[in-house]
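Please walk through this structure with the model open beside the text.

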Amino acid sequence: MGDQSSSPSRPLPALTALNRHYWTSGADGVWSLQRCPACERLIHPPTMRCQYDHAVPEWIVLSGRGVVESWTVNHHPFFPGIPTPYVIAFVNPVEDPSVRVLTNLVEVTPGEVFVGMPVRVTFEVGDDGIDDAVHLPLFTPDR
Ligand SMILES: [Zn+2]
């Protein structure tokens, strides 16, 4: 049993051999995505093969900077560990705007968000008592 006095945490992803690097690279303070060594496209979510040429992707470290492609504001309390309202967004890494990462924007009020907004990665450490290696990549305004 976990500590009953602590507040509930965000639901965390189940780590697999394929996705572990994505969810844990924040422990080193970096945001990583897969890149295809053949066509040099970034790839997300993690996969075994590039969908264009079937090359085996490699993990690379990104700048941590991105741009908001789209967003929505959630008001429904789906998870007690995430106070509402909160912003759900698609963020494109600056290294490859064709890649879309589903995430949350934090340290921002919903009225501040706009398409094309520059953002920067920040990590929330998982605290479900099962696997503290999870570092959720979230994004804040890059002011
Ligand atoms: Zn490729």
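Three strands make up an open sheet in the order β2-β1-β3, and their pairing is antiparallel. Strands here are DSSP runs of E with at least two residues, helices are runs of H or I with at least four, and both are numbered from the N terminus. Two strands count as paired if DSSP finds at least two bridges between them. β2 (42-43) and β3 (58-61) stand at the edges. Each has a single partner strand, so one side of each lacks a neighbour in the sheet. β1 and β3 run antiparallel and are joined by four bridges. Within this pairing, Q34 stands opposite W59 in β3.

This is a predicted model, in which local features need pLDDT of at least 70 and side-chain atom pairs count only at pLDDT 80 or more, while totals for chains, interfaces and linings use all residues. Residues are numbered from 1 along each chain as its sequence is written, and side-chain values use heavy atoms, with hydrogens and water left out.

C50 is buried at 2% relative accessibility, whereas D53 is partly exposed at 32%. Buried means under 20% relative accessible area, exposed over 50%, and partly exposed in between (1.4 Å probe, protein chains only).

Next, the rings. Rings of Phe, Tyr and Trp (its six-membered ring) pair if their centres lie within 6.5 Å; planes under 30 degrees apart are stacked, over 60 edge-to-face, and the rest tilted. This rule gives two aromatic pairs. Y22 and W23 form an edge-to-face pair, 4.9 Å centre to centre with 80 degrees between the planes. Y22 is buried at 3%; W23 is partly exposed at 21%. W31 and F139 also pair edge-to-face, at 5.0 Å and 75 degrees. W31 lies in the loop between α1 (20-24) and β1 (32-35), and F139 in strand β8 (residues 135-141), so this pair ties together parts 108 residues apart in sequence. W31 is buried at 1%, and F139 is buried at 0%.
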